[in-house]
Amino acid sequence: MIKIQRSAVVGLLLILFLIESLCAAESKEIKRVLIVYSEDRDHPAHELTDRGIRETFRSNERFDIHLYTEYLDASRFSGPSHARAFAEYLHSKYSGFKMDAIVAVYPAAADMLLGEARSAFPSVPIIACAVNRSYAESLDRSPSRSFVTGVVMGDNIAGVLDSALRMRPETKRAALIAGTKSNDAYSEQIFRQGLKTYAPELEVIDLTKLPIEDILVRVGTLQPGSIILYSGIFRDGAGKSFVPREALSMISRAASVPVFSLYDSYLGFGIVGGSLVSLEKQGIEAARLALRILGGESPASLPFNGEQAYASLYDWREMKRWGIPESAVPPGSEIRYRERSFWEEHSRKITGVIVLIVVQTVLILGLLISIRKRRKAERSLLESEERVRLAVSSAGAGLWSLEKRTGHIWATDRTMQLL
């Protein structure tokens, strides 16, 4: 009876727990958030930012966030006409939806939402994500500040250069590479501003706005004591469009000296590393601001933040390529793409083979020892029998035995003689 009562109590508690969980899930307030990315769907940096946004929204316990994603593709389709057409598309697509917040990634998306598309979302708060400091300052002074806040992308070029000089203390020259699009120009200015601090000790070699073919030739002939600072190339001097990290891979393969940059989306495509802007953390900060706004806080009360969204990351392959020791990496940094040794790659298989060999060796040794003991016992038995035979023969006696089950009698020749 006691066992039945205990089972019933346990079952009741489980049912109550499930009902409470279902009620908690149902009680989450539904919120709709639109994410507008400035570049196309395959832009690598957007993937990192999107990961940060989605993971933060997914882990929140208050709201059930329904996400809607659009891509402006501003680098390939620029100009007012494209912005107007895209704004009309958004107005038509989302006219029946009430958006609770909009995340605009990069300035182009924010400009479009604050301009041509504002009539489509007249009262919806906007979080401008991964925008530069000057753009954030202009928003902070504008009438739009009442419904806009955002995340500022850091511009700590000093951190990049300090890492480069710590790893290559003999550096005297820095070759700066940038393209011709508006995004390229913005990033180039960040690098140029940071380089002013190191003048005149660090000579700047200007490789900006050149065709990619010329850049590849120049980076392959840079003298020792140089480094490359890759700002980014959306479009080169000949008008050819690129995904920035694809252009970076081409430059890194042709380079005669190490390449450094500011953004973590470039890690694994040819840069050594350093204190890099984390685009995933940018997305996390943007989603956190959005959650605060969804919770009732005014965008105007939330300051622009995110300038400390950095990650200390390094590419082991590039460090090995340029002879940079791991001791040059700051403590607490993450070294990625480490190539495992033969032992690390196949340690389980090797261990298994060794164990198998050891077990087989032990079994063989055990078998040999057993055979040796058996032969020793057989020799001992034969010697014993021989001694008995000699003793019996000397005494003139005979031996015999009877097997009761069969009645079979065994006897020695002497026994037969005696009988």
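Mentor: Two strands are said to pair if DSSP finds at least two bridges between them. Keep in mind that this is a predicted model.

Trainee: How do you know that S10 and S11 pair, and in which sense do they run?

Mentor: Five bridges join S10 to strand S11, residues 310–315. The requirement is at least two, so S10 and S11 count as paired. The two strands run antiparallel. Leu276 stands opposite Ala311 in S11.

Trainee: What makes S10 and S12 the edge strands?

Mentor: The open sheet has the order S10-S11-S12, with mixed pairing. Strand S10 (273–277) and strand S12 (334–336) each pair on one side only. Neighbouring strands here are turned by 35° against each other on average, direction ignored.

Trainee: Which strands does S6 pair with in the parallel sense, and over how many bridges?

Mentor: S6 and S7 pair in the parallel sense over four bridges. Six bridges join S6 to strand S8, residues 226–232, and these also run parallel. In S7, the bridge partner of Leu176 is Asp206, while Arg173 stands opposite Ser226 in S8.

Trainee: What handedness does the crossover from S6 to S7 have?

Mentor: The chain goes from S6 through H7 to S7, and this β-α-β crossover is right-handed. The term applies because, with the strands pointing away from the viewer, a right-handed path from the first strand over the helix to the second runs clockwise.

Trainee: What makes S6 a mostly covered strand?

Mentor: Six of the six residues in strand S6 (173–178) are buried. In a regular strand the side chains alternate between the two faces of the sheet. For S6, Arg173, Ala175 and Ile177 are buried on one side, and Ala174, Leu176 and Ala178 are buried on the other. Both faces are therefore covered.

Trainee: Why is Glu70 called buried?

Mentor: Its relative accessible area is 5%. The cut-off for buried is under 20%, so Glu70 qualifies. Glu70 lies in strand S2. Leaving aside neighbours within four places in sequence, Glu70 is in contact with residues including Leu34, Tyr37, Phe86, Tyr89 and Lys93.

Trainee: Asp73 and Lys209 both have a positive phi without being glycine. How do you know whether each is buried or partly exposed?

Mentor: Asp73, with phi of about 55°, has a relative accessible area of 10%. That is under 20%, so Asp73 is buried. Lys209, with phi of about 65°, has 44% relative accessibility. Because 44% falls between the limits of 20% and 50%, Lys209 is partly exposed. Asp73 lies in the loop between strand S2 (63–71) and helix H3 (80–93). Lys209 lies in the loop between S7 and helix H8 (212–219).

Trainee: What makes the peptide bond from Ala199 to Pro200 cis?

Mentor: Its omega is near 0°. Pro200 is in the loop between helix H7 (182–195) and strand S7 (203–206).

Trainee: How do you know that the length of H10 agrees with its residue count?

Mentor: At 1.5 Å a residue, its 16 residues should span 22 Å, and the end C-alpha atoms are 23 Å apart, so the two agree. Just after H10, Gly296 takes a positive phi of about 115°.

Trainee: What makes S13 and S14 a pair, and how many residues lie between them?

Mentor: Four bridges join strand S13 (400–403) to strand S14 (408–411). At least two are needed, so they pair, and they run antiparallel. Ser401 stands opposite Trp410 in S14. S13 and S14 form a hairpin with four residues between them, and Gly407 in the turn has a positive phi of about 80°.

How values were computed. Residues numbered from 1 in each chain as written. Predicted model: local features only at pLDDT ≥ 70, side-chain atom pairs only at ≥ 80, totals over all residues. Heavy atoms only, no water. Axes fitted to C-alpha atoms, helices over the stretch in contact; angles between N-to-C directions. Buried < 20%, exposed > 50% of the residue type's maximum accessible area, 1.4 Å probe, protein only. Expected span 1.5 Å × (residues − 1). Contact = heavy atoms within 4.5 Å.
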